[in-house]
Amino acid sequence: MSEADEVDRIVGAWNTQRPDLDFSPLEVLSRMDRLSRHLDRARREVFHRSDLESWEWDVLSALRRAGSPFQLSPKQLLQQTLVSSGTMTNRIDRLVERGLVVREADPDDGRSVLVTLTDDGRLRVDAAITRLVDAEADLLRALPRGDRDRLAALLRKLSLSFDA
């Protein structure tokens with residue numbers, strides 16, 4: 001083994017205390033947890049620099065990824081952000097107040113509305129994604145491209161097992 005990290009030390013201590021258990025899941029998931037904290041910190045900083053909260057990013061980035069005219073129904077936003085209907089209504093209200101989105105009548109269904117990204121919302125989300133890609137690339141700088149690709153494939157496989 002090359003350098004030892006904190007997870008190695010924790011697992012080693014547990015192996016000494018409880019040699020009857022298989023601690024290999026901790027070797028993976030404890031590292032994922034620790035890396036997640038670094039990622040959360042980096043993302044909060046990126047979003048702060050773009051004057052966004054992480055929940056605002058979730059909604060605005062879903063609208064931006066939808067492509068021109070950058071609009072989705074509240075139901076589509078729910079599906080992409082995995083929050084409750086009441087939470088989404090509150091989030092849309094707050095984004096409207098900030099001038100980052102507008103509600104518009106759905107031309108195909110007069111009873112429904114569409115949420116549309118404003119120019120200011122688009123500028124903020126574009127600035128944030130540029131900063132985010134740079135920050136996340138910096139977090140991965142220790143891994144050559146081939147290792148990053150292999151890691152992405154393994155994480156995709158694990159992620160899909162939860163969606164099955």
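This is a predicted model: local features need pLDDT of at least 70, side-chain atom pairs count only at pLDDT 80 or more; totals for chains, interfaces and linings use all residues.
Residues are numbered from 1 along each chain as its sequence is written, and side-chain values use heavy atoms, with hydrogens and water left out.

I'll start with the annotation. An unreviewed UniProt entry lists residues 25-160 as "domain: HTH marR-type". UniProt positions are in the numbering used here, feature names are shortened, and such annotations may be inferred rather than shown by experiment. In the model that span is 70% helix and 12% strand, and its end C-alpha atoms lie 18 Å apart.

Next, the core. A nonpolar core means a set of buried Ala, Val, Leu, Ile, Met, Phe, Trp, Tyr and Cys residues joined through side-chain atoms within 4.5 Å. Buried is under 20% relative accessible area, exposed is over 50%, and partly exposed is in between, with a 1.4 Å probe and protein chains only. The largest such core has 22 residues, and L60, L63, L77 and L95 have the most contacts inside it. At least two residues each come from α2 (24-49), α3 (54-65), α5 (85-97), β3 (109-117) and α6 (119-139). Helix α3 gives the most, six residues.

What does L95 touch, leaving out residues up to four places away in sequence? The list is W55, E56, V59, L60, L100 and V101, where contact means heavy atoms within 4.5 Å.

Now the aromatics. Rings of Phe, Tyr and Trp (its six-membered ring) pair if their centres lie within 6.5 Å; planes under 30 degrees apart count as stacked, over 60 as edge-to-face and the rest as tilted. A search of the whole structure finds two pairs. W14 and F23 have ring centres 6.1 Å apart and planes at 20 degrees, so they are stacked. W14 is partly exposed at 43% relative accessible area, while F23 is buried at 8%. F47 and W57 are also stacked, because their centres are 5.2 Å apart and their planes at 25 degrees. This pair links F47 in helix α2 to W57 in helix α3, 10 residues apart. Both F47 and W57 are buried.

Last, I10. This residue sits in helix α1 (residues 6-17) and is partly exposed, at 31% relative accessibility. Its C-alpha atom is 27 Å from that of P144, which is 134 residues away along the chain.

Key: Helices (H or I, at least four residues) and strands (E, at least two) are DSSP runs, numbered from the N terminus.
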